[in-house]
Amino acid sequence: MEQTTLNTNSLAFIALCNEYCMAIENARESTRDEFVASMLRLLPRIYIATTDLRINPLADDEDAYLESVLEEDYYESVRRNVENLMGADDLFLEVFEEDMKYSDTPIAASVSETLADIFQVLYNFVETIKEAHQSMIEVALVAVKSDFDSYWSRLLCNVMRPLNHLRHNANDEDEY
């Protein structure tokens, strides 16, 4: 395996991805308050680290993608563990859904499914780069950054709202 010389931003991003995956995988061993606090520490840092990724221009391959290595049963197990932990607070109103402007009824989203969707992207990334050469790591960084820009950045931002509400307004009866 060739020596990797990734920049500090890439290394920080990889470490955060790994930490997030471990937190999601160990959700059932946490209390809801511990888990919410952990997500509120990790998600903003992941957002910043992803936006700060410095992509090697030579690795900027339009065909870069992450192959799915996460098995459906494991995804469902992780999602269900978070759902059980969140209980009645798993659902929240999605206000930035594209279909919302055409609907008279609110659109519900799930904290557990949203966190599991982010987990899927980051898990696939971490598993892809574990034994990869530098060039493959750079392509994987391009793919995860591209997916962030087009898809999971919105998920990350949206799920922070209900998590923030649980952390700071749990006793309020207001809708979030």
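**Exercise 1.** Which residues in H4 meet which residues in H5?

*Solution.* The model is predicted, with local features needing pLDDT of at least 70 and side-chain atom pairs pLDDT 80 or more, while totals for chains, interfaces and linings use all residues. Residues are numbered from 1 along each chain as its sequence is written, and side-chain values use heavy atoms, without hydrogens and water.

Contact means heavy atoms within 4.5 Å. On the H4 side the residues are Val-111, Thr-114, Leu-115, Asp-117, Ile-118, Val-121, Leu-122, Phe-125, Thr-128 and Ile-129. They meet Met-136, Ile-137, Ala-140, Leu-141, Val-144, Tyr-151, Trp-152, Leu-155, Leu-156, Val-159, Pro-162 and Leu-163 in H5.

**Exercise 2.** Determine how the axes of H4 and H5 are arranged.

*Solution.* The axes of H4 (residues 111-129) and H5 (residues 134-168) come within 10 Å and cross at roughly 165°. H4 is therefore roughly antiparallel to H5, a term for angles over 145 degrees.

**Exercise 3.** Characterise the aromatic pair of Tyr-47 and Phe-148.

*Solution.* Rings of Phe, Tyr and Trp (its six-membered ring) pair if their centres lie within 6.5 Å; planes under 30 degrees apart are stacked, over 60 edge-to-face, and the rest tilted. In the whole structure, six aromatic pairs are found. Tyr-47 and Phe-148 are edge-to-face, 5.3 Å centre to centre with 65° between the planes. Tyr-47 belongs to helix H2 (residues 32-51) and Phe-148 to helix H5, 101 residues apart.

Next, consider accessibility: buried means under 20% relative accessible area, exposed over 50%, and partly exposed in between (1.4 Å probe, protein chains only). Tyr-47, at 32%, is partly exposed, whereas Phe-148, at 2%, is buried. Finally, ring pairs link Tyr-47, Phe-148 and Trp-152 into a cluster.

How values were computed: Axes fitted to C-alpha atoms, helices over the stretch in contact; angles between N-to-C directions. Helix = DSSP H or I, 4+ residues; strand = E, 2+ residues; numbered from the N terminus. Parallel < 35°, antiparallel > 145°, perpendicular 65-115°, else oblique.
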